[in-house]
Amino acid sequence: MKLAWRTKIGLGLGFGLGLWFIGSGRAFAQEGPTTTELAVAMNTFFLLVSAFLVFFMQAGFAMLTAGLTRSKNTTNILFKNLMDFVMCSIAFWAVGWGLAYGTSAGGFIGTDQFFLSAITAEGEVPVLASWLFQVVFAGTAATIVAGAMAERTKFTAYLVYSFIISLFIYPVVVHWVWSGSGWLNTYSGSTEGNWGFTDFAGSTVVHSVGGWASLIGAMILGPRLGRFGPDGKPRAIPGHNMSLAALGTFILWLGWFGFNPGSQLAIASQGDADAVAMVAVTTNLAAAAGALGALFTAWLRYGKPDLGQTLNGVLGGLVAITAGCAYVDPLSSIIIGFIAGPIVVFSAELLEKLKIDDPVGAVPVHLFSGIWGTLAVGLFASIPGNTGTTGLFYGGGLTLLISQIVGVVAIGLWTVATTALMFFAIKATIGLRVSKEEEEAGLDIGEHGVQAYPDLVGTPAGGSVSGALAK
């Protein structure tokens, strides 16, 4: 049976189109992304999402600090938590990144890559993606201080502080530890010269730096009015909203799943995926254990379970595990986190005895827990740290523990010296503390002329209010 001419034409066109699709499919397959390119894309996406989670921690710090302080200072607290990241972003782009990751000068400081522009290399994650991941860490170090110096610090002074720590103080520490050529981190086969200091995601590099700065700032600033009586005994100044404090803690807990797992910096291989999963688990377990440690300690000491101490116990556990989350097993992470709980409670009491006013417990959470977690790597690491050895309890001897002690002391001395110089300079020039009248009325009115809760005192937003009403 003969085919109609229309049928012949249709079959011919169909055959031709089929050949074209087959050929073009082969061409597309040949021109598609390679395995290396796919790995870079996956690692870049992982790094960016982790950075976004860490950025959201700024909201967590804002909610936590606002909730644990008085309502008359809420606008000021929120404003500072916004502006420290604003100042940090500009400072770390212009200078901080270069000091942290530029070509090393003697293992102490970077010397190039200032005013960072697009830098790409085949087979590597874009430098700008790495910058974004690192700038949110810098923002975390800067924002820790907002809580310890809350309710009495000048807004302008805080802007200057945020800029300087992100521009110089924090980046130098990063270069020492994370640049790959810093004097504290590059391991040379012994603990001489290059120490092999091990801090996976920043118990010391980020949190202790922020904690030391908080301690020095609070000491130079002095306590809030009425925090200690004429006899020197501490007086409680309760925060105004525990709901905000709890929300902030949950946000920070979530953000830590970017903070610690993201510090693996890659996820495209089986080894990276295994490491990221382990880090996420150890991070979560330490947070839970920290809550229990603080809960039981406060309950035994004060007779009732204390929500504020338990929230800080969560954060203390998170800070403590941040150094060793990639080097310890789940059981060890629970031990590390649980011990951080009592550390938070007892160190808060120590600050009270020393008459150091820290409204939110930033120093106990970030400094004391950060030091503990960093030293704990030298005890509990079952995977070799940067010294090439495991922790003391896993047969590695004292090598790793010694490197951790050296790092904690060196970074502590650097941060104390530089932040003390900075705060004294601010105090001598533009001033560090608001006036007595402004502190009594509340920084919302004194510094910004606006209230966070105008309806509660019957004053329109932007209107003035007496100190008696604002208290």
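Which elements each supply at least two residues of the lining of the second largest pocket?

Author: The model is predicted, and the description below applies to that model. Three helices meet the condition in your question: α3 (74–101), α4 (127–148) and α5 (155–178) each supply at least two residues of the lining of the second largest pocket. Of these, α4 gives the most, with 4 residues. The second largest pocket holds about 450 Å³ of space, and its lining is made up of 20 residues. Nearest its centre lie Tyr101, Gln134, Trp178, Ser263 and Leu265. Sorted by class, the lining of the second largest pocket comprises 13 nonpolar, 6 polar and 1 charged residues.

The largest pocket may be set beside this one. Its volume is about 760 Å³. A total of 27 residues line the largest pocket, and those closest to its centre are Arg227, Gln309, Glu352, Asp358 and Pro359. The largest share comes from α10, which contributes 6 residues. By class, the lining of the largest pocket divides into 15 nonpolar, 5 polar and 7 charged residues.

To return to the part you asked about: the second largest pocket draws at least two lining residues from each of α3, α4 and α5, and its lining includes 1 charged residue, whereas the lining of the largest pocket has 7 charged residues.

Terms used:
Residues numbered from 1 in each chain as written. Predicted model: local features only at pLDDT ≥ 70, side-chain atom pairs only at ≥ 80, totals over all residues. Heavy atoms only, no water. 1 Å grid on protein atoms, 1.4 Å probe; cavity = no way out; pocket = protein on both sides within 12 Å on 5 of 7 lines; lining within 4 Å. Points joined across faces, edges and corners; volume = space filled by probe spheres on them. Nonpolar A, V, L, I, M, F, W, Y, C, P; charged D, E, K, R; others polar.
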